[in-house]
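Biologist: I should like to go through this structure with you and ask for the reasoning behind each term. Please set each value against its criterion before you conclude.

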Amino acid sequence: MVRKSLDIHCNQVLTNNPRITSVSLTGINNTDIIFSSVYMQWSDRSPEQVIEYEATLGHMQSIVDRHIGCSFLFGGDFNVTRNFKSTCCQALDNFCTANRITWLNSGDDNNSYTYHCDTNSHYSLLDYFLCSPALLSQYGNASILIDGDNPSDHLAISYVFNFSRPPNSSSSRSTTMVKLNWGKGDLDRYRLVLSSHLSDIKIPVCALNCNGDCDGKHCAELQSYFTSLSSCLQQSAECSVPVYKVGVQKHWWTPELDELKHLCIDATAVWKAAG
Ligand SMILES: [Zn+2]
């Protein structure tokens, strides 16, 4: 879930692991930030659970590897206490060191646990933020929020990170908020217009067959070929496929429902006329 005002700047990131949910946020100082919520499995230090823990770390590593140049923020229940000498804790620490990610401490002398099981008096510090150093603000630790209304056995943690929200650009909003409604498009017309547009494009045969030994002299030609192709697609769609505003369209609405709606309106009119 993301705040509605940020949705045009956010994209879901594939994690391949139900324990990790990630989104990317674009438009901040030309850098993307990848936010990930992580719920690590509880580990009794059995080999099976250590393997599962390390596998989840592998998926976190994959997110980092696929987004070189981005900043990262991982937050959640990591199910280890920092500086506690266990294989899982060590593996998480290694992940941070290898990727130059800072493991932020949570709490202070007064508050030093996030998990509480009051029936057996078990208290431990398991929830943390891990983030790229660029996102760190001047404040030291993440604070632990003690709130009587929180029904969870975990307390929330909070930290003010160093980034501002992306600018609200009206142009990006208008282009992102409108999508082509292919279901209602005139596909025959689209085919016709597209093939006519495409036949006007000159195919850069030499550039397409180039083996790369040309010192980049084909770059401009390929770029122009790409631009022509994409503008052909766009122009053909514009004159044959209607657009709809994202968020307004009801994906479950069908023509049969349109008919039923009109019948209902007519019936209501008859009922009203009859007093
Ligand atoms: Zn070339």
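Biologist: Which residues of α1 are buried?

Modeller: They are Tyr53, Thr56, Leu57, Met60 and Ile63. These residues lie on the same side of α1, because they cover an arc of only 100 degrees around the axis. On the other side of α1, the exposed residues are Pro47, Glu48, Ile51, Ala55 and Asp65.

Biologist: How do you know that the span of α1 is close to the expected one?

Modeller: Helix α1 covers residues 47–65, which is 19 residues, and from its first C-alpha to its last it reaches 26 Å. For α2, with 12 residues, the reach is 16 Å, close to the expected 16 Å.

Biologist: Why is Leu25 called buried?

Modeller: The term requires 20 or more other C-beta atoms within 10 Å. Leu25 has 21 such neighbours inside 10 Å, and therefore counts as buried. Leu25 belongs to strand β2. Beyond its neighbours within four places in sequence, Leu25 has contacts with Leu6, His9, Cys10, Asp32, Ile33 and Phe35. His9 is 16 residues away along the chain, yet 5.5 Å separates its C-alpha from that of Leu25.

Biologist: What makes β1 and β5 edge strands?

Modeller: The sheet is open and has six strands in the order β1-β2-β3-β4-β8-β5, with mixed pairing. β1 and β5 (102–103) each have a single partner strand, so one side of each has no neighbour in the sheet. Within the sheet, β3 and β4 pair in the parallel sense over seven bridges. Ser36 stands opposite Phe74 in β4.

Biologist: What makes the phi of Asn16 worth a remark?

Modeller: Most residues other than glycine have a negative phi. Asn16 is not a glycine, and its phi is positive, about 60 degrees. Arg100, also a residue other than glycine, has a positive phi near 50 degrees.

Biologist: Where does Arg100 lie, and is Arg100 buried or exposed?

Modeller: Arg100 follows α2, in the loop between α2 and β5. With 10 C-beta neighbours inside 10 Å, Arg100 falls under the limit of 12 or fewer and therefore counts as exposed.

Biologist: How is the chain divided into domains?

Modeller: Domain 1 covers 4–158 and domain 2 covers 177–273. Their centres, taken over C-alpha atoms, are 41 Å apart.

Biologist: What is the pLDDT over residues 170–175, and what is the average for the chain?

Modeller: Over residues 170–175, pLDDT stays under 50, and the model has two contacts beyond four places in sequence for them. The protein chain averages 87, and 93% of the residues score at least 70. Where pLDDT is low, the predicted coordinates should not be read in detail.

Terms used: Residues numbered from 1 in each chain as written. Predicted model: local features only at pLDDT ≥ 70, side-chain atom pairs only at ≥ 80, totals over all residues. Domains from an automatic or database assignment. pLDDT = per-residue confidence, 0-100. Contact = placed C-beta atoms within 7 Å. Helix = DSSP H or I, 4+ residues; strand = E, 2+ residues; numbered from the N terminus. Expected span 1.5 Å × (residues − 1). Arc of directions from axis to C-beta. Pairing = 2+ DSSP bridges.
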